[in-house]
Amino acid sequence: MIRLGSNSPTRALILNNANINFIQNGGSFDEDSIKTTNPKSFCYEATKGKFNELYKKYGIEDMPLLVSDSVVTSNGLLLRKAKDEKDARRMLELQSGNETSVITCMIYKSKHKELIDISITTYLFEKFDEKHIEEYIKSGECFGKAGAIMVEGFCKPYIKSVKGYESTAMGLCVEKLKVFMDKTC
Ligand SMILES: Nc1nc2c(ncn2[C@H]2C[C@H](O)[C@@H](COP(=O)(O)OP(=O)(O)OP(=O)(O)O)O2)c(=O)[nH]1
């Protein structure tokens, strides 16, 4: 059993689909406190901030702690979660017909071992259909997701090429997590 230190329904879904037993306790780390706009550094600092908050609160005596953060970068810009419809539209239009990378950092710490991993999945998207963008925004599914994208949903029909795990793009590189958790040492 592990503690998923996250409010994310997607991260819970990823662990459930991987048959990893967990309880979920989200934190309230303020990502706006992070100064850097470098996507990888931001992602690492956000993960570290979430970890420190929840490690202080729960420790790892009774079970390992797992936290994670994901950001998107396209054209060198840092894309976090869309603030409103206008922001979501801006992010989606930037990524339409473009290359975009999802960066996911995770920290897993038990009494015996610790994993700090930064994984990246890069997509080349076809141009998004304008009408589909509006429907997607109206559905509200674009909110609460880094870069306002949903690789297993809205983006799926537009994927021209992909490099990396889909789980990384959804918010938790479960393939690497499982390999690490299965290691005894
Ligand atoms: N379903 C889905 N969710 C995605 C996708 N890409 C990113 N996400 C979600 C995973 C995370 O919940 C969210 C990224 O935001 P954060 O890393 O700040 O996590 P969040 O604030 O949701 O939860 P947490 O900080 O872990 O409590 O976006 C995707 O392609 N599909």
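A polar contact is a pair of N or O atoms within 3.5 Å; within protein, one must be able to donate a hydrogen and the other to accept it, and residues adjacent in sequence count only if both atoms are side-chain atoms. This is a predicted model, in which local features need pLDDT of at least 70 and side-chain atom pairs count only at pLDDT 80 or more, while totals for chains, interfaces and linings use all residues. Residues are numbered from 1 along each chain as its sequence is written, and side-chain values use heavy atoms, with hydrogens and water left out.

**View 1. Thr 47 and its contact to Asp 69.** Thr 47 belongs to helix H2 (residues 39-58). Helices (H or I, at least four residues) and strands (E, at least two) are DSSP runs, numbered from the N terminus. The side chain of Thr 47 reaches the backbone nitrogen of Asp 69 at 3.5 Å. Thr 47 has 0% relative accessibility and therefore counts as buried. Buried means under 20% relative accessible area, exposed over 50%, partly exposed in between (1.4 Å probe, protein chains only).

View 2. The side chain of Ser 8 places an N or O atom 2.7 Å from a ligand oxygen. For Arg 11, a polar side-chain atom lies 2.7 Å from an oxygen atom of the ligand. Ala 146 uses its backbone: a polar atom there is 3.2 Å from a ligand oxygen. Taken alone, the ligand exposes 620 Å², and the protein buries 93% of that. These areas come from the Shrake-Rupley method with a 1.4 Å probe.

**View 3. The shell around the ligand.** The shell holds 20 residues, and Ser 6, Asn 7, Ser 8, Lys 50 and Lys 81 come nearest. A residue is near if one of its heavy atoms lies within 4 Å of the molecule. By class, six are nonpolar, seven polar and seven charged. Helix H1 (9-17), strand S3 (65-74) and helix H5 (166-170) are the elements that give two or more residues. S3 supplies the largest share, three residues.

**View 4. Two positive phi values outside glycine.** Asn 19 has phi near 55°. Asn 19 is in the loop between H1 and strand S2 (22-24). Its relative accessibility is 68%, so Asn 19 counts as exposed. Ala 148 has a positive phi of about 65°. Ala 148 is in the loop between helix H4 (130-139) and strand S7 (159-163). At 0% relative accessibility, Ala 148 counts as buried.

Technical notes:
Nonpolar A, V, L, I, M, F, W, Y, C, P; charged D, E, K, R; others polar.
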